[in-house]
Amino acid sequence: SPTPTITAFGSVYLNYFEGFEGNLAQLLRNGSWDTTSTLAHHGSHSFTDSRIGTYAAGITTFFQTPPVILGSSPVLQYSHIAIIAFGDIGYVEISKNAGASFTVLKAYNMTMRPEWQDSLASPADWYTDAFQLSAYAGDTVIVRFRLVPNSTVNTDGWYIDDILLGDPTMSATATQSFIQGWNMISLPFEVADGRRVTLYPD
């Protein structure tokens with residue numbers, strides 16, 4: 001059968017932390033997602049879909065983490081402010097097949113938290129959410145933050161900071177090392193018919 005279309009980007013990580021203070025070359029993104037110094041959970045920057053004004057009507061945008069090989073007790077944690085209009089949705093999604101398909105972990109708009117309902121993002125509005133990812137232990141995963149505007153009323157948007165994907169006891173990002181020439185790393189993923197296969201990139 002045909003191989004599913006997959007999308008992956010960046011290095012392969014063993015533990016991933018993103019505070020949006022430096023180089024973002026490892027992130028796959030579309031639309032107008034970029035850093036802003038207007039609001040930050042820690043440090044001086046966060047990541048937002050609309051640095052100036054409101055997000056665009058009817059245009060879905062996203063950014064996603066690079067692949068992370070999860071250990072035995074993985075978590076996803078992030079801090080955010082979701083000034084997303086009623087009728088629009090911000091999805092947090094996870095993929096274990098290199099982006100061929102995603103599972104929704106949670107959906108947000110401004111009705112989810114009382115501090116978001118005034119339509120104004122402020123430093124007191126940051127909320128930290130966390131998920132146990134034990135069902136994905138041993139998998140190589142990608143996490144995607146996707147904004148889907150369905151309404152004609154557009155608001156300030158989504159601010160995201162301090163993403164942790166992996167082992168919460170590790171204090172820093174860790175990457176999988178490679179050397180020049182051939183390298184072999186097993187990246188298990190499931191294809192559409194349910195078979196579990198292993199991809200060996202160079």
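Is Thr35 buried or exposed? Thr35 is buried, its relative accessible area being 18%. That value leads to the label because buried means under 20% relative accessible area. The structure is a predicted model.

**Thr35 and its contacts**
- Strand E3, which spans residues 34-36, contains Thr35.
- Leaving aside residues up to four places away in sequence, Thr35 touches Phe20, Leu24, His45, Ser46, Phe47 and Arg51.

- Ser119 has a phi near 70°, a positive value in a residue other than glycine.
- The loop between strand E9 (103-108) and strand E10 (127-132) holds Ser119.
- Ser119 is partly exposed, with 31% relative accessible area.
- Asp162 is not a glycine either, yet its phi is positive, at about 55°.
- Asp162 belongs to strand E12, residues 157-166, whereas Ser119 sits in a loop.
- Asp162 counts as buried, at 11% relative accessibility, because the limit for that label is under 20%.

**Aromatic pairs**
- The model has 14 aromatic pairs.
- One of them joins Tyr13 and Tyr16 in an edge-to-face arrangement, with 5.1 Å centre to centre and 75° between the planes.
- The edge-to-face label applies because the planes are over 60 degrees apart.
- Both partners are buried: Tyr13 has a relative accessible area of 8%, and Tyr16 has one of 1%.

**Arginine over rings**
- Arg144 lies over the face of Phe102, 3.8 Å from the ring centre.
- Arg144 also lies over the face of Phe62, at 5.7 Å from the ring centre.
- Each placement counts as a charge over a ring because CZ of Arg is within 6 Å of the ring centre and within 35 degrees of the ring normal.

Methods
Residues numbered from 1 in each chain as written. Predicted model: local features only at pLDDT ≥ 70, side-chain atom pairs only at ≥ 80, totals over all residues. Heavy atoms only, no water. Helix = DSSP H or I, 4+ residues; strand = E, 2+ residues; numbered from the N terminus. Buried < 20%, exposed > 50% of the residue type's maximum accessible area, 1.4 Å probe, protein only. Contact = heavy atoms within 4.5 Å. Phe/Tyr/Trp six-rings, centres within 6.5 Å; stacked < 30°, edge-to-face > 60°.
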